[in-house]
Amino acid sequence: MKHVVVIGGGVAGMQCASELARQGVAATILEKESDLGGKVRNWHKLFPTFTPAEELLSALRLRIAEQPHIKVMTGCEAENISPRKVVLKSGEEIECDAVVIATGYTLFDARIKEEYGYGIYDNVITSADLEQMFNRGEVFLTHGGKPRRIAILHCVGSRDEKVCQRHCSKVCCVTGVKQAIELKQMFPDADVFNFYMDIRMFGPGYEEMYREAQQKYNVHFVRGRISEVSPTIDNRLQLKAEDTLTGRPLKMGVDMLVLLIGMKANDMNAELESQSNLRLQPSGFMQPRDSFLGNTESQIGGIFYAGTVTSPKNARESLNEAVAAARSAVAWLNNK
Amino acid sequence: MINFGFSISKPRAIDIDRNNLRKSNEIMREMPELQACIGCGTCTATCTAGNLTEFNFRKVHTLVRRGEYQGAYEEMNKCMLCGKCRLLCPRGINTRGVVMLIKRKLGDF
């Protein structure tokens, strides 16, 4: 039986392994955390259907459990990757016939955008923090109490060359609208303002969700990027932006600011480039062999890509790509 | 006091905390479809009045929504109610209705 190592046990890695097994190929998933699930594990609900993230994960876990030829190794990191052998940080070597890299992305560190005060002022949180709060079922201000006015800022660590992140992270707009709706459901009396540069609603159901946020939930959208945040004497947050649609500067006090942090390429990608002769894009994400016909393949035969290792993607795209990567790997193994 | 010929300009910023949003909220309650505006500017691009005067429908209604009522009534008076904007609005907003509503609500501003 052929054997493929899948590096990364997020949704892409899990889906890829289950598809490989379904095609009669043994798969080993290497996950550096103690559990499978990757970033989705920390998410509460998925846009645009508000599907609980746990629902997706348990379905994927079930698919893996059903397949006897999938081996899951948690708490281990790959050190060196080649098509026939993966060396772990522990020194252990795993022989294989092909490798799928599904190592995902890193969340942008909001502290780098110091002007927004993340980690400095109370009640400045990231979209990832908010998902954790939703998971715990409690959204409170730092010193207790409910927020009456909330601002959500798009493009934090995306489309911003000042922090070397020129790319669009693609999913934050949709997340921002989703979270605005969830906050309005939780606090119907609160005012929610989304500050955006562009609203990018690229997928099915997204534009509809945006319109629902506007009309059903009365979420306010202001086209303008917040330039700075400062604390007020009554422990609120003062925002400054330009309301570009009226051409006037705008300021307001809010109780809570949510920063929609973007997807950053993993630092590890640069190591992959130097070690394994794989190619990087200027954004730091891995460069597939061909953007149209070889999206799941690398420059090296026998090394494949699945999910956000090559660019920001939503869960659905990552899941689809994982199937495509598994099938490319199987086709490659059969032709060898 | 001696007048040196200098003065301090009033702040230009829209101050959401100070603005009274009561009228704005009333307008949005009566015409909720205006919430769906995406600021594309199609209304302003096709506007008959806007071609002849400085009238900018998108800007005026956005200002009103932020609680900036000063001059909105006079601005809306420039509208000829031709309705071309309503034919073109991608969000299906009754823009002519918005003009009439703002004029009705803000007549005393």
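This is a predicted model: local features need pLDDT of at least 70, side-chain atom pairs count only at pLDDT 80 or more; totals for chains, interfaces and linings use all residues.
## Two helices side by side

Let's start with a pair: helix 4 (residues 172-186) and helix 5 (residues 206-215) of chain A pack at about 40 degrees, and their axes are 10 Å apart. Axes here are lines fitted to C-alpha atoms, for helices over the stretch in contact, with angles running from 0 to 180 degrees between N-to-C directions. Helix 4 and helix 5 of chain A are therefore oblique to each other (under 35 degrees is roughly parallel, over 145 roughly antiparallel, 65 to 115 roughly perpendicular, and the rest oblique).

Residues are numbered from 1 along each chain as its sequence is written, and chains are lettered from A and ligands numbered from 1 in the order in which they are written.

## The whole chain

Chain A has seven helices and 20 strands; these are DSSP runs numbered from the N terminus (helices: H or I, at least four residues; strands: E, at least two). Its C-alpha atoms fill a box of roughly 65 × 40 × 35 Å along the principal axes.

Among residue contacts in chain A with a separation of 6 or more, 65% join residues 24 or more positions apart.

How values were computed
Two residues are in contact if their C-beta atoms, placed from the backbone, lie within 7 Å.
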